[in-house]
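Let me put the model up on the screen and then talk you through it.

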Amino acid sequence: MVTTTSARVKSRPETERKRTEILDAAIEIFGAKGSTNGTLADIAEQVGMTHAGVLHHFGSKQKLLLEVLDYRDKSDVAQLADQHIPDGPELFLHLVKTAFANELRPGIVQTYTVLSNESVTDGHPARGFFEHRYDKLRTEVSAAFRELCAQEGVMDTAAIGTASASILAVMDGLQLQWLLDPSAVGLAEASAFAIRAIVNGVLHPGPALETYAGR
């Protein structure tokens with residue numbers, strides 16, 4: 001059968017719509033069951049397709065898993081200029097805004113938390129993704145710190161690397177606590193407090209902890 005150009009053009013939006021449905025279902029399944037126990041059959045059932053139909057769109061479970069992570073990251077920057085996180089000190093405000101947005105999308109947060117924790121296991125298909133993601137984010141947060149320190153006349157920048165890793169760790173750790181008991185932890189409020197405290201710790205470092213321990 002000959003497919004006309006117009007027919008192919010019409011099919012593309014339908015294909016993208018179906019791919020998005022599969023990704024949304026995968027977020028729900030992987031978030032609830034993990035990437036090992038969550039199956040393509042579960043996802044196919046969720047969207048009213050066959051197992052083969054899901055494979056037609058994504059090729060394999062591993063490829064679908066990586067596309068879920070990419071889909072999640074793109075949703076963070078969909079409304080931003082150039083679809084990229086801000087540079088410089090504005091990045092810290094963006095991280096706080098992300099925490100507020102995450103309170104409204106627990107499914108995506110749950111999937112990210114489950115997959116990031118699973119990725120530390122040997123041979124996990126998402127390990128490379130998370131290694132690259134954290135390396136890139138640490139680099140971008142460090143660059144924001146250096147620009148902020150330059151603006152504020154802070155000469156001692158030795159703590160920037162530690163502070164950058166700490167911000168990412170605190171955000172991810174608070175997400176885990178929030179998922180376990182949202183009534184006990186305000187994700188946005190606690191994230192904003194922690195980010196502000198870490199930024200201030202670089203700009204205005206206080207006494208070493210040993211000072212307090214010796215009292």
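Predicted model: local features only at pLDDT ≥ 70, side-chain atom pairs only at ≥ 80, totals over all residues.

Residues are numbered from 1 along each chain as its sequence is written, and side-chain values use heavy atoms, with hydrogens and water left out.

Let's start with α7, residues 127–152, and α8, residues 160–180, which pack at about 125° with their axes 9 Å apart. Helices here are DSSP runs of H or I, at least four residues, numbered from the N terminus. Axes are lines fitted to C-alpha atoms over the stretch in contact, and angles run from 0 to 180 degrees between N-to-C directions. So α7 is oblique to α8; under 35 degrees is roughly parallel, over 145 roughly antiparallel, 65 to 115 roughly perpendicular, and the rest oblique. On the α7 side, the contact (heavy atoms within 4.5 Å) includes Tyr-134, Leu-137 and Phe-145, and on the α8 side Ile-160, Ile-167 and Asp-172. By class, that contact has ten nonpolar, three polar and three charged residues. Nonpolar means Ala, Val, Leu, Ile, Met, Phe, Trp, Tyr, Cys and Pro, charged means Asp, Glu, Lys and Arg, and the others, Gly among them, are polar.

Now α6, residues 106–118: its axis comes within 10 Å of the α8 axis, and the two cross at roughly 120°. Asp-172 of α8 turns up here too, along with Trp-178, and α6 brings Pro-106 and Tyr-112, among others.

Leu-40, Ala-41 and Ala-44 of α2 meet His-51, Val-54 and Leu-55 of α3.

Last, what is the volume of the largest pocket? About 570 Å³. On a 1 Å grid over the protein atoms alone, a pocket is an open set of points where a 1.4 Å probe fits, with protein on both sides within 12 Å along at least five of seven lines, and lining residues have an atom within 4 Å of a point. The volume is the space filled by probe spheres on the points, which are joined across faces, edges and corners. Of the 26 lining residues, Asp-73, Asp-76, Ile-85, Arg-133 and Leu-137 are closest to the centre. The largest share of the lining, seven residues, comes from α7.
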